[in-house]
Amino acid sequence: MSTAVDEFDSTLALAATGVLRDFNTAGVILAADVHVATRLTTMLEETDERVALACALVARAVRAGSICLDLAEVRDEVGEDGAELDWPVLDEWLTALRASPLLAAPYPLHLEDTRLYFDRYWREEEQVEQDLRRRAGRPAPVIANEAVLQAGLGRLFPGSSYVEQRAAAQTAARQWTTVLTGGPGTGKTTTVAGLLALLAEQAEIAGDRSPWIALTAPTGKAAARLEEAVRREMSGRLSAEDTARLGDFHARTLHMLLGRRPDSSSRFRHDRDNRLPHDIVVVDETSMVSLTMMARLLEAVRPGARLILVGDPDQLASIEAGAVLADLVDGLVAGGHIAAAELRTSHRFGSEIGALALAVREDRPDNVLAVLRGGGDRVHFVEDDDPRETLRSALLPDVLAIRDAAEAGDADAALAALDRHRLLCAHREGPWGVQHWNRTVERWITEETEDPLWDTWYVGRPVLVTANDYALGIYNGDVGVTIRRPDGSLRVCIDSSRGRLDFAPSRLGNIETLHAMTIHKAQGSQAAEVTVLMPNEESRLLTRELFYTAITRAENRVRVVGDEQSVRLALSRRALRATGLRQRLVDGSAD
Ligand SMILES: Nc1ncnc2c1ncn2[C@@H]1O[C@H](COP(=O)(O)OP(=O)(O)OP(=O)(O)O)[C@@H](O)[C@H]1O
């Protein structure tokens, strides 16, 4: 390669030689990937450059959220950036790997067909597969009274509008593990609440105590939404008798359910030797669960406890590596280990947001554009070259409402105003990024109120918590508002899963301004109205999953700011992650 090396480019590994250097210079692998490869090959005295390249490419794959590297696919996946590079021939590459000390004890790498893994992910994937197979292989749970189950299904899911949910609950009642999938508003929580009532009734008939139920989700926000939705179902739709059988419960994050350990960030108090005591474990927003957390959860759930994994496989996958929910749908269900419990009909949205989400899921770009341009009340497409004025008039009323309520010290009103609207960006930086739009909204506030926002902390500053703080009881994804107290001081009121908490601003460390937020961070939360800023075509993040996740954060109204090209491009790209779980579950299927 003749490309000049820029010594100030931190992605270039100046010590790299040979193939690693070529791939690094072409921008396919970063300096960090080169270092991983060099360290491993030096340690185990491997001199074959093809093995070093494979190591670097596994590191690259993991950085992008994959569990492994598929050697048969990587060249296509890298595409143009790697067109000029000297790729090893697949068969020879595999042969070199099989002969490598890196695939022998202590096994830093593992090869499964053409998939190459770092040891940690290989072990986690294998554990998840085996735990799931073991659960699926157990004799089905006993139904204490079939007639009562059928009557319960009819009572809790009456008539034709509940037909899908009735079928899903019927399926779930008969298996230890259920993957309950559906888009937004398809009635997943309703199904869960009804199913829990059915299972509690069966336990009563069998003479057992009331089942001990764990409701959990990957983030505090998602856990709080789950609890709220199940309570709403219990008070609204379930009879007093059904509600009483369920008893009281609180939803918790997965980390809290499994129990943090002060000596480890990756191990929990509950594990294979100290199982969770619950009889039923319901996990919401499973698409956000990483492979590592799924491994920790599966080892902690008792074999005789029911596990109900709820989620929308069309959403973005977890921030950390893996695509567990999609793999479970394709592997567990398609592999014949468990029966599908899928909900398809949306009950919540005015038909437009539902139709938009469906058109995205079904890959129909013309339909997506037709709904966006349909001129309805709930879906708007802002195609202006310069949308700033449109955005200013759309966003400013809520921003000022937050500020007015905060100035009056009314935390309830300020938090309610905050939940009315979310401005979502794909990126943090750049002209369509969160930081730019946070500053833009702050400038609008200054222009409107003639009150310059000199300080980081100002009245009405909405904030997003970006890391769990167990001491304070606030969690990644919690949101809050800075309000003025009668004595003039500022406090930050945070809506946490433990209820409303307030702090002096100086106590808060991992915080970002929330006039705008990234789509990735918005996973697991919703707002009445959502504005989505489409990134330009060069954005590598622009995918169907990103667009789908963004629009489905809206409860009542969604505004998409972009152009036809960016929408079409988003729909044409998939956020694919290489994993082997689906294949492992399908291979050898239900045995
Ligand atoms: N069969 C049905 N007929 C009419 N309304 C329904 C039905 N099922 C659920 N609903 C209503 O639709 C709304 C969405 O239901 P639910 O909250 O259970 O969906 P969900 O899939 O959990 O939503 P999300 O994951 O997007 O929060 C609720 O207001 C619920 O009461």
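Okay, hi everyone. Before anything else, please keep in mind that this is a predicted model.

Let's start at the ligand. How many residues surround the ligand? There are 14, and the closest are Pro184, Gly187, Thr189, Thr190 and His347. If you sort that shell by type, you get nine polar residues, three nonpolar and two charged. The element that gives the most to the shell is helix H9, residues 188-205, with three residues.

First up, Pro184, which sits in the loop between S4 and H9. Is Pro184 buried or exposed? Buried, because it has 22 C-beta neighbours inside 10 Å, and the cut-off for buried is 20 or more. Setting aside residues up to four places away in sequence, Pro184 touches Asp312, Ser346, Arg348, Ala357 and Thr552.

Then there's Lys188, which is in helix H9. Lys188 has 25 C-beta neighbours inside 10 Å, so it counts as buried as well. Leaving out neighbours within four places in sequence, its contacts are Leu180, Gly182, Val310 and Leu343.

If you follow the chain past H9, you come to Pro211, in the loop between H9 and strand S5, residues 213-217.

Next, a helix to look at: H6, residues 119-137. Its 19 residues should span 27 Å at 1.5 Å a residue, and the end C-alpha atoms are 27 Å apart, so the two agree. Which residues of H6 are buried? They are Tyr121, Trp122, Glu124, Glu125, Val128, Glu129, Asp131, Leu132 and Arg135. Those buried residues pack against strands S2, S3 and S4, and against helices H13, H14 and H23.

In soluble globular proteins, nonpolar side chains tend to be buried together. Here the largest nonpolar core has 172 residues, and Ala54, Ala56, Val58 and Ile551 have the most contacts inside it. Helix H3, residues 49-63, brings the largest share of this core, 11 residues. Take Ala54: not counting residues up to four places away, it touches Leu69, Leu71, Trp93, Leu97 and Leu116.

Last stop, further along the chain. UniProt, again in an unreviewed entry, places "domain: UvrD-like helicase C-terminal" at residues 514-561. In the model that span is 25% helix and 35% strand, with its end C-alpha atoms 19 Å apart.

One more loop to show you: Glu537 lies between strand S20, residues 527-533, and helix H21, residues 544-551. Glu537 has 13 other C-beta atoms within 10 Å, so it is partly exposed. Which residues is Glu537 in contact with, beyond its neighbours within four places? Gln565, Ser566 and Leu569. Ser566 is 29 residues apart from Glu537 along the chain, yet their C-alpha atoms are separated by 5.7 Å.

Methods
Residues are numbered from 1 along each chain as its sequence is written. This is a predicted model: local features need pLDDT of at least 70, side-chain atom pairs count only at pLDDT 80 or more; totals for chains, interfaces and linings use all residues. A residue is near a molecule or strand if its C-beta atom, placed from the backbone, lies within 6 Å of it. Helices (H or I, at least four residues) and strands (E, at least two) are DSSP runs, numbered from the N terminus. Ala, Val, Leu, Ile, Met, Phe, Trp, Tyr, Cys and Pro count as nonpolar, Asp, Glu, Lys and Arg as charged, and the others, Gly among them, as polar. UniProt positions are given in the numbering used here, feature names are shortened, and annotations may be inferred rather than shown by experiment. The expected span of a helix is 1.5 Å times one less than its number of residues. A residue is buried if 20 or more other C-beta atoms lie within 10 Å of its own, exposed if 12 or fewer, and partly exposed in between; C-beta atoms are placed from the backbone. Two residues are in contact if their C-beta atoms, placed from the backbone, lie within 7 Å. A nonpolar core is a set of buried Ala, Val, Leu, Ile, Met, Phe, Trp, Tyr and Cys residues joined through C-beta atoms within 7 Å.
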